[in-house]
Amino acid sequence: MSTSESSLPQTLPRTGAGRPGTPASRTGPARRRSRARRALTSPIAYLFVAPAIAIFGIWTIFPTLYTFRVSAFDWNQLNPAMSEFIGLGNYRDMLSGSTNPSFWQTFGVSCYFVIANVVVGTILALLLALLVRRGSKIMAAARTSFFLAYIAPGVATALIWLWIFNPRFGLANGILSLLHLPVIDWLGDSRYAMLSIIVYSVWHEVGFLVLVFVGGLMTTSGELSEAAKVDGANPWQEFSRVTLPQLIPYVAFVVIISSISSLQAFTQFFVLTGGGPGYSTSTIGFQLYQQAFVLGNTGYGAALAVVLFLITLVLSIIQLRISARLSR
């Protein structure tokens, strides 16, 4: 080989995936982003999602918009064409408290239920997650048993708890009798009716929250916990100063999701108490059903649905804001 030939570079610059002249930006993540961009702009992609969009529009978007319309009328269920337009009349009746029960009474009952259910459920779920986070077979079975209550049908489980709370031969009063304590009319006494529903609701929902916290605990840093223990931190200090700060995004998610589901709760109130006694368990969600489908005040019930929708929308926006802030 001549001297001139030996002075030439032995390898050509390869800017692509083994091909000379291929730009580096076209490989790896950039190429995947390009394919994703083409998929989003392809008409075929919209054909695949069209059935889901149609179902969502027919069964969610259209009823929601129609509810806004109905809330502006004194609605005639038998002949909608004879409904009288009253504008914000249903909302004025709501805010003035002229209905029985008043909106403010049901709003207070809803707030009491939401706060108690969220606080008790979140704390209990976090404690249970700390107990069952290990990967043994027994702990896996415990997590499964918690989740079974969550996926069980609400009506069926509520009927079971209706028997548990039976004042004459229910399990709850049976335990009180064994302890030589006075029996309680759990669902017939206004002092205990909401407490009974909270007990059932926490039992039914805690399985899902436990799995959320267990997933969060799997992402926490073990090195930080070990370092805290080496520095002499006791279990409470290690949890409160090391583990809990890392779980803040999961706590925020659980609080918002629990608040939304508690606001929309209906089954347990319908099956266990029917809103009584004396409207002590009559929430906005239950009154929505009662006014629209039992008493025939469809327009007022639609106005309650709009208010419930707006509260849920605000909570959803708060969740998105908190999630975005915590992910920075």
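Trp161, Phe165, Trp186, Tyr192, Tyr200 and Trp203 come together as one aromatic cluster. Keep in mind that this is a predicted model, where local features need pLDDT of at least 70, side-chain atom pairs count only at pLDDT 80 or more, and totals for chains, interfaces and linings use all residues. Residues are numbered from 1 along each chain as its sequence is written, and side-chain values use heavy atoms, with hydrogens and water left out.

**Aromatic pairs**

Searching the whole structure turns up 25 aromatic pairs. Rings of Phe, Tyr and Trp (its six-membered ring) pair if their centres lie within 6.5 Å; planes under 30 degrees apart count as stacked, over 60 as edge-to-face and the rest as tilted.

| Pair | Centre to centre | Angle between planes | Class |
|---|---|---|---|
| Trp161 and Phe165 | 5.4 Å | 45° | tilted |
| Trp161 and Trp203 | 5.5 Å | 55° | tilted |

Helices here are DSSP runs (H or I, at least four residues), numbered from the N terminus.

Trp203, with 35%, is partly exposed.

**Helix α4 against α15**

Helix α4 (residues 89-96) packs on helix α15 (residues 298-326) at about 75°, the axes being 9 Å apart. So α4 is roughly perpendicular to α15, a label that covers angles of 65 to 115 degrees. The axes are lines fitted to C-alpha atoms over the stretch in contact, with angles running from 0 to 180 degrees between N-to-C directions.

On the α4 side you'll find Asn90, Tyr91, Asp93 and Met94, and they meet Gly299, Tyr300, Ala303, Leu304, Val306 and Val307 of α15. Contact means heavy atoms within 4.5 Å. The residues involved split into seven nonpolar, two polar and one charged; Gly counts as polar and Tyr as nonpolar in this scheme.

**Helix α14**

In helix α14 (residues 284-294), the buried residues are Ile284, Gly285, Phe286, Gln287, Leu288, Gln291 and Ala292. Their cover includes α5 (103-132), α12 (248-263), α13 (267-273) and α15. After α14 comes Gly296, with a positive phi near 80°.

Note on methods: Helix = DSSP H or I, 4+ residues; strand = E, 2+ residues; numbered from the N terminus. Parallel < 35°, antiparallel > 145°, perpendicular 65-115°, else oblique. Buried < 20%, exposed > 50% of the residue type's maximum accessible area, 1.4 Å probe, protein only.
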